[in-house]
Amino acid sequence: MHELPITESILKIVLKHAEGNDVQKVIAVHLQVGKLSDLEDDWIQRYFDYLSKGTVAEGAKLKIERMPAVMRCNACSASYETDIIGMADSVCPACGEKGGTIVSGREYTIKEMEVM
Amino acid sequence: MEEVRLIEVKEEILSDNIKQAGEVRDRLRKTKTMLLNLMSSPGSGKTSLILRTIEGLGGDLRLGVIEADIESTVDAEKVAARGIRAIQLRTGGFCHLDAGMVTRGIDAMDVSEFDLVIIENVGNLVCPAEFDTGAHKNVMILSVPEGDDKPLKYPLMFSVCDLLLVNKTDYLSLSDFDMAALRKRVLALNPRIMILEVSCKTGAGIESWIGWLKAEVTAFKGAI
């Protein structure tokens, strides 16, 4: 739902790195986004296309890698992958304990970019 | 043709917001003002809770309110009518508040005059959970008519809060809301969360909420 401010931040960081690396054109940006985020990939790309017009990042493709939602069991410390829907009913596959602590799935990172 | 190169970035997309949120927290620690971020769906009772809080505190704490709404000043007017300093932030279509917007809110009030500032976030169980506002405590409301299955749909919100207020308990007898199932689901996501049952309509449970609030402000000031 909040793709616009997220996309503005992405572009700002991309342009900062482009400037510091004598980049003529950004071809692609690789992002890592946690599965717990509700971002829509299509919308991020659409906003990016609009916001990046006239910059070296115009036309760049956003490649989004979805990072799994992982919980750590509070009883036995085993880590297991889960899903956003039903997370609250999740059960540790190792010991059967319900729930746990979310250890990943909230990532919002720019990993790298392909440039010319 | 020029070759394609790979540049390593490894940067947090939300790094600006994370930094600004830290600055808000530090700034308010200096004036000993606790900032509380109140989140919920639209219509679950955020404004009603704030009005009950004004009444329940009865002047024991110096309270300020930052209201966020997409496009209206209705809530701020209700709060200001009770003699409480209220700042209205119009988010202009944004679905959440971020630390930058909160900074503008606290810039508009003299925060040193307050022991506690409550931010009424935009009504939404999704986006506000992802943006650190700079608050010291996060509180959410879930109202009985919304159903006990909400932790299944919005796990992030339940996992980032320090306190859950289950509001509109006066509806319990009319609904099939399962309080035990709700507690189990919420605690599975967030074992350190505190859960209180209230009714802003009848006033039931409000005393416990006021007690929690006073204890948290005392602990906050004591830790500085």
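**View 1. Helix 1 and helix 4 of chain B in a predicted model.** Helix 1 of chain B spans residues 15–30 and helix 4 of chain B spans residues 99–107. The two pack at an angle of about 30°, and their axes are 8 Å apart. Angles under 35 degrees count as roughly parallel, and helix 1 and helix 4 of chain B are therefore roughly parallel to each other. Their crossing is left-handed.

**View 2. Residues in the contact of helix 1 with helix 4 of chain B.** Helix 1 of chain B contributes B:N17, B:Q20, B:A21 and B:V24. From helix 4 of chain B come B:A99, B:G100, B:V102, B:T103 and B:I106. By type, the residues of this contact are five nonpolar and four polar, with no charged.

**View 3. The contact between chain A and chain B.** Chain A supplies 32 residues to the contact and chain B supplies 31 residues. On the side of chain A that touches chain B, the elements giving two or more residues are helix 1 (3–20) and strand 6 (108–115) of chain A. Strand 6 of chain A gives the most, with eight residues. The residues on this side of chain A comprise 17 nonpolar, nine polar and six charged.

**View 4. Strand 6 of chain A beside strand 1 of chain B.** Strand 1 of chain B covers residues 5–12. The two strands run antiparallel and are joined by six bridges. A:E112 has B:E8, in strand 1 of chain B, as its bridge partner.

Key:
Residues numbered from 1 in each chain as written. Chains lettered and ligands numbered in written order. Predicted model: local features only at pLDDT ≥ 70, side-chain atom pairs only at ≥ 80, totals over all residues. Contact = placed C-beta atoms within 7 Å. Helix = DSSP H or I, 4+ residues; strand = E, 2+ residues; numbered from the N terminus. Nonpolar A, V, L, I, M, F, W, Y, C, P; charged D, E, K, R; others polar. Pairing = 2+ DSSP bridges. Axes fitted to C-alpha atoms, helices over the stretch in contact; angles between N-to-C directions. Parallel < 35°, antiparallel > 145°, perpendicular 65-115°, else oblique. Left-handed = near helix turned anticlockwise from the far one by under 90°.
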